Amino acid sequence: MSKNTHSFQAEVAQLLHLVTHSLYSNKEIFLRELISNASDACDKLRFEALDNAALYEDAPNLEVRVAFDKKARTLTITDNGIGLSQQEAIDHLGTIAKSGTREFMSRLSGDQKADAQLIGQFGVGFYSGFIVADRIVVESRRAGLPADQGVRWSSTGTGDFEVETITRDKRGTSVILHLREDADEFLNGWKLKQVISKYSDHISLPILMEKEEWKEGEDDKGGEMVATGEWEPVNKASALWTRTKKDVTEEQYVEFYKSISHDYEAPLAWSHNRVEGSTEYTQLLYIPAKAPMDLWSRDNKGGLKLYVKRVFIMDEAEALLPSYLRFVKGVIDSADLPLNVSRELLQESRDVKAIREGSTKRVLSMLEDLAKKAAASAAPAAESQAADGVTDVVDKKEGEPADADAAKASEDAGKYAKFYAEFGSVLKEGLGEDFANRDRIAKLLRFASTTSDAATVSLADYKARMKDGQEAIYYITADTLAAAKNSPQLEVFKKKGIEVLLMTDRVDEWALSYLTEFDGTPLQSVAKGAVDLGKLQDETEKKAAEEAAEAFKPVLEKLKASLKDKAEDVRVTTRLVDSPACLVVQEHGMSTQLARMLKQAGQKAPEVKPVLEVNAEHPLVKKLERDEAHFDDLANILFDQALLAEGGLPEDPAAYVRRVNALLV
Ligand code: ADP
């Protein structure tokens with residue numbers, strides 16, 4: 001292949017522009033990204049070589065070398081990993097394959113400061129080289145290919161890149177950065193070592209640099225450091241999770257998290273344990289502070305990095321955690337799984353089942369810990385329970401709560417709210433997905449309620465505030481908080497001072513269908529079935545209601561006839577105080593809100609005809625009894641208004657307007 005020019009995919013060009021214009025305040029991260037790519041390439045080689053040892057050629061020791069040339073102003077990162085074929089260089093270094101990155105690109109606002117933050121959170125991988133380089137040359141040969149099938153890729157990071165065939169004896173990749181004027185600091189061995197140990201100590205491969213020596217200048221000219229030709233490792237090169245807790249600093253835990261998650265922010269909590277039991281493994285699990293762009297994308301399977309006896313096996317091993325914990329990042333290193341384990345095998349492995357259960361419990365107990373700290377700070381008298389997020393690494397069995405440490409209590413107090421705002425909706429999926437842990441998950445849920453606009457009310461809080469004689473936990477689902485709060489269905493509850501949970505999350509309706517009771521108390525939607533306030537209603541109230549219903553019967557029959565196409569049934573209710581009517585669904589029916597949501601999403605929803613409940617005391621309803629001439633119009637207005645009140649639309653809006661106008665004039 002002679003020299004060929006290719007255009008970057010449009011998104012790459014956009015990304016490159018952004019990288020070079022917004023990330024200069026944190027230049028050094030490029031080194032972390034490139035070393036991490038080099039290390040991944042070595043992991044891939046090691047993995048492929050399990051089946052084909054010949055791929056090692058004559059260099060079985062995997063390593064990364066970092067070298068600089070002051071005169072040429074270049075910095076070169078070389079690995080002897082899997083390498084790139086020509087096609088792979090074109091594909092991987094010219095496009096953005098990951099849907100998450102594309103999603104990320106679509107969110108850019110054009111405001112540099114905001115975008116820089118976003119990009120930082122995201123991690124830009126290879127392209128971050130252009131923060132410090134105005135030209136990047138990649139020379140590579142894929143392991144297993146002959147020497148004359150190497151590739152040279154080069155670009156100035158603007159619109160296009162060039163690719164040509166080269167001869168390269170050594171397998172693997174060299175990334176040669178031609179540094180920009182303002183990137184001089186990276187032509188300095190000391191500086192490079194400092195950055196490498198900051199970001200890459202946990203990388204399990206040796207990262208080598210040439211030893212330097214001081215050489216006096218001639219003729220009284222100042223001396224300088226010169227390379228000696230001898231290479232030495234500059235990182236610790238022991239996989240971080242294999243060390244004991246006391247050998248890992250908090251900063252190292254955070255840096256490790258950033259390197260595996262491509263997240264910019266520090267995690268909210270982490271837990272590092274060696275688990276011994278039916279199966280032996282090390283777990284290092286992190287709760288991120290921010291949801292990734294693709295949390296809701298179908299491509300996001302979540303999952304942890306899987307190692308077997310320190311050999312990297314796969315990324316995003318979704319079998320290691322249930323899907324509702326897909327936000328958790330981390331590493332599992334198993335001592336028992338076979339090295340050649342595949343994704344399919346993972347699904348069936350008993351060891352994996354044990355790891356999954358253990359890791360699930362561990363995550364739930366981390367969350368319980370965060371929730372406890374939030375509660376402790378809400379009640380200042382309570383014992384403070386701060387922790388640094390680190391739990392003991394020494395041979396803990398799964399399921400034990402993390403130990404606490406008295407620092408940083410106030411910072412920790414806000415962590416659960418932060419977690420919940422980002423991941424609460426995902427956690428709720430667990431009600432339907434993980435029956436074994438349903439009670440623990442239910443305890444972790446937080447809702448807004450008629451006493452709190454913020455989603456801070458736990459089911460236990462609610463129970464503690466229940467009125468004497470109250471037999472259910474009441475809730476309402478709606479599209480928005482305002483719609484929920486002003487829903488007519490709440491009127492009698494407000495009048496009686498009974499708290500109602502307000503649920504406005506899309507998954508609530510579905511998730512709650514799996515939670516019929518909490519701690520022995522049933523959950524009851526106030527928009528489903530007839531209201532039965534049970535003991536909350538006194539005898540005289542009950543009697544009055546029955547009498548009113550009896551007197552209203554003839555009107556009711558006429559209403560049913562008028563609305564037979566729209567309403568499943570019409571009945572008198574005591575749940576309304578100020579509104580004339582509201583819609584409810586049958587006890588076990590799908591709520592109108594959920595049906596509407598399904599329709600909007602283009603899915604088939606069963607036709608649910610709601611029940612119209614009327615407030616016999618309301619003047620508009622009383623008018624029905626007197627105004628024979630307008631009965632039909634009034635009946636339809638009553639129904640359509642009830643629909644409007646809960647965020648729906650009348651089937652025939654024009655007819656609704658006509659009817660109202662006829663009454664207005
Ligand atoms: P990411 O590493 O997140 O996938 P990058 O933009 O950093 O994204 O890299 C894109 C792809 O280029 C990688 O997935 C990998 O296939 C390839 N690549 C990058 N660096 C190397 C390397 N040193 N050796 C082999 N392949 C590499």
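Predicted model: local features only at pLDDT ≥ 70, side-chain atom pairs only at ≥ 80, totals over all residues.
Biologist: Thanks! In what order do the strands stand in the open sheet of 5 strands?
Modeller: Strands here are DSSP runs of E with at least two residues, helices are runs of H or I with at least four residues, and both are numbered from the N terminus. Two strands pair if DSSP finds at least two bridges between them. The pairing in this open sheet is mixed, and the order is β10-β11-β14-β12-β13.

Biologist: Which strands are at the edges of that sheet?
Modeller: An edge strand in this sheet pairs on one side only. That describes β10 and β13.

Biologist: By how many degrees are neighbouring strands of this sheet turned against each other on average?
Modeller: Axes are lines fitted to C-alpha atoms, for helices over the stretch in contact, and angles run from 0 to 180 degrees between N-to-C directions. For neighbouring strands in this sheet the direction is ignored, and the average is 15 degrees.

Biologist: How many residues lie between β10 and β11 in their hairpin?
Modeller: Strand β10 covers residues 269–275 and pairs with β11 in the antiparallel sense over 7 bridges. Within this pair, Ala-269 stands opposite Ile-287. The number of residues between the two strands of the hairpin is 5.

Biologist: Which residue of β14 is the bridge partner of Tyr-281?
Modeller: On the β14 side, β11 pairs with residues 329–334 in the antiparallel sense over 6 bridges. In that pairing, the partner of Tyr-281 is Ser-334.

Biologist: And which residue of β14 stands opposite Leu-306?
Modeller: Strand β12, residues 304–308, pairs with β14 in the parallel sense over 4 bridges. Opposite Leu-306 we find Ile-332.

Biologist: How many residues of β11 are buried?
Modeller: Buried means under 20% relative accessible area, exposed means over 50%, and partly exposed is in between, with a 1.4 Å probe and protein chains only. In a regular strand the side chains alternate between the two faces of the sheet. In β11, Tyr-281, Gln-283, Leu-285 and Ile-287 are buried on one side, and Thr-282, Leu-284 and Tyr-286 on the other. For this strand, residues 281–287, the count is 7 of 7.

Biologist: Which helix runs at about 85 degrees to β11?
Modeller: Contact means heavy atoms within 4.5 Å. Helix α9, residues 350–378, lies across β10, β11 and β14 at about 40 degrees to β11. The helix across β10, β11, β12 and β14 at about 85 degrees to β11 is α7, residues 250–261.

Biologist: Now the open sheet of 6 strands: which strands stand at its edges?
Modeller: This sheet has mixed pairing and the order β16-β15-β18-β17-β20-β19. Each edge strand has a single partner, so one side of it is left without a neighbour in the sheet. These strands are β16 (452–457) and β19 (517–518).

Biologist: In β18, which residue is the bridge partner of Ser-449?
Modeller: Strand β15, residues 447–449, and β18, residues 501–503, pair in the antiparallel sense over 2 bridges. The partner of Ser-449 is Leu-501.

Biologist: What is the phi of Arg-73?
Modeller: Most residues other than glycine have a negative phi. Arg-73 sits in the loop between β2 (64–69) and β3 (74–79), and counts as partly exposed at 23% relative accessibility. Its phi is positive, near 55 degrees.

Biologist: What is the phi of Glu-316?
Modeller: Glu-316 belongs to strand β13, residues 311–317. This residue is partly exposed, with a relative accessible area of 46%. Although Glu-316 is not a glycine, phi is positive here, at about 50 degrees.

Biologist: Is Arg-142 buried or exposed?
Modeller: Arg-142 is found in the loop between β4 (133–141) and β5 (150–155). Not counting residues up to four places away in sequence, Arg-142 touches Glu-48, Ile-82, Gly-83, Leu-84, Ser-85 and Glu-88. With a relative accessible area of 18%, Arg-142 is buried.

How values were computed
Residues numbered from 1 in each chain as written. Heavy atoms only, no water.
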